Amino acid sequence: METVRIPNAATYAPIALADFIAVAPLATRVLFGVSPVGRAVQVAAVGAYAGSAFIDWMERQGVRRVDFRDEFGADVDHLDEMPMERRYDDNTQLAARISEIFTSERRPRKDVAAEVDRHLTETIASMTGQRIVTSLEIRSFGIASLVFPFAVGSCDVLSGDVSLYRDTGYFEPHVIAHEFCHRKGYWKELHAQVLAYLALVGSDDPLLVQSALAERLHRNLKVLADDDRDRYLGMVYELDLPPEIDASLGALWAEPGGAVGKKMADGMKMVYDQRMKVTGQNGISDYDRGFTNFLYTFERSEDAKQDAATVSL
């Protein structure tokens, strides 16, 4: 099978080059003042970032991407709306499966990243005939977390830098898989959600399967809650899940501190939603309504190449 290697050289730098570029003007002024040395440091950072991004872009030109409409009978612009009754039924089945396979195991992030990437690479390769080999590096901070306080992680699609901003508990394998999808060239959020889910739920690794099912449940709950956190938490506790999963689900919908923090988060969500729409996506709803509708559409499709049994409950 063909292998495409994307170097992601920027991901091995001590700090994220994109972050350094953002703060370089202030940092170099403090350290070196307005001097040739300070300007040289800034130019070097920009050059390293641009060089790495260009090399990665060149390698991505040889990547064959998954044709979602062909493989699943569903895509960003082809989704059937899942009935509310079906969502409630799915929640019951998801909760039962999670309780049945529950594992309290937690592994080092580095080990989880390697296992997640292996399954993700093979899942994509099974449809495209290509293994896309990328970096396994993950950072624990990114300036984007200050701009988008509601986010749990991000990927710089130019450099491939992945950052996780907080511990998401048993959801971490899915968060890693989602961001690694971006690193491999799938920049649409719905596509990343779907590929991450399929890779983990089909892995036969209890920790990864649990994370995928919990993510699907979380997104379904978000749709049913309709932006009402109290309603969301009430539905979580009614499902009688293991307390560890309850805690992880509750933590995912953490309210920003204070009225100012909430207004800032709401404002940035609107900005992010518009950015997604401008780039050919349906908006921030692709994370939850779009994702769950995609699986529902796939299950009902009569012309999908992939076996819908992989997402059936």
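**Salt bridges.** I looked up R64 and E2 and found their side chains meeting in a salt bridge, 3.1 Å from N to O. This is a predicted model, so I'm reading computed values throughout. The pair links distant parts of the chain, 62 residues apart: R64 sits in the loop between helix 2 and helix 3 (68–72), E2 in strand 1 (residues 2–5). I checked cover as well: R64 is partly exposed at 40% relative accessibility, and E2 is partly exposed at 38%.

Next I went to R216 and D90, whose side chains form a salt bridge at 3.9 Å, N to O. R216 is in helix 9 (residues 206–225) and D90 in helix 4 (residues 84–101), so this pair ties together parts 126 residues apart in sequence. R216 counts as buried at 3% relative accessibility, and D90 is buried at 2%. I also see R86, D90, R216 and E299 linked in a network of salt bridges.

My tally for the structure is 19 salt bridges.

**Surface.** I found a nonpolar patch made of F54, I55, W57 and M58, with about 440 Å² of accessible area together. W57 lies in helix 2 (residues 36–60) and is partly exposed, at 46% relative accessible area.

**Cavity.** How many cavities of 30 Å³ or more does the whole structure have? I get 1, and the space in the largest cavity is about 70 Å³. Its lining includes E105, R106, R107 and Y170. By type, I have the lining residues as 4 nonpolar, 1 polar and 4 charged.

Conventions
Residues are numbered from 1 along each chain as its sequence is written. This is a predicted model: local features need pLDDT of at least 70, side-chain atom pairs count only at pLDDT 80 or more; totals for chains, interfaces and linings use all residues. Side-chain values use heavy atoms; hydrogens and water are left out. On a 1 Å grid over the protein atoms alone, a cavity is a set of points where a 1.4 Å probe fits but cannot get out, and a pocket is an open set with protein on both sides within 12 Å along at least five of seven lines; lining residues have an atom within 4 Å of a point. Grid points are joined across faces, edges and corners, and a volume is the space filled by probe spheres set on the points. Ala, Val, Leu, Ile, Met, Phe, Trp, Tyr, Cys and Pro count as nonpolar, Asp, Glu, Lys and Arg as charged, and the others, Gly among them, as polar. Patches are made of residues with over 30% relative accessible area and no salt bridge: like charges are joined within 9 Å, nonpolar side chains (Val, Leu, Ile, Met, Phe, Trp, Tyr) within 5 Å. Accessible areas come from the Shrake-Rupley method with a 1.4 Å probe; for residues, only the protein chains shown count as cover. A salt bridge is a side-chain nitrogen of Lys or Arg within 4 Å of a carboxyl oxygen of Asp or Glu. Helices (H or I, at least four residues) and strands (E, at least two) are DSSP runs, numbered from the N terminus. Buried means under 20% relative accessible area, exposed over 50%, partly exposed in between (1.4 Å probe, protein chains only).
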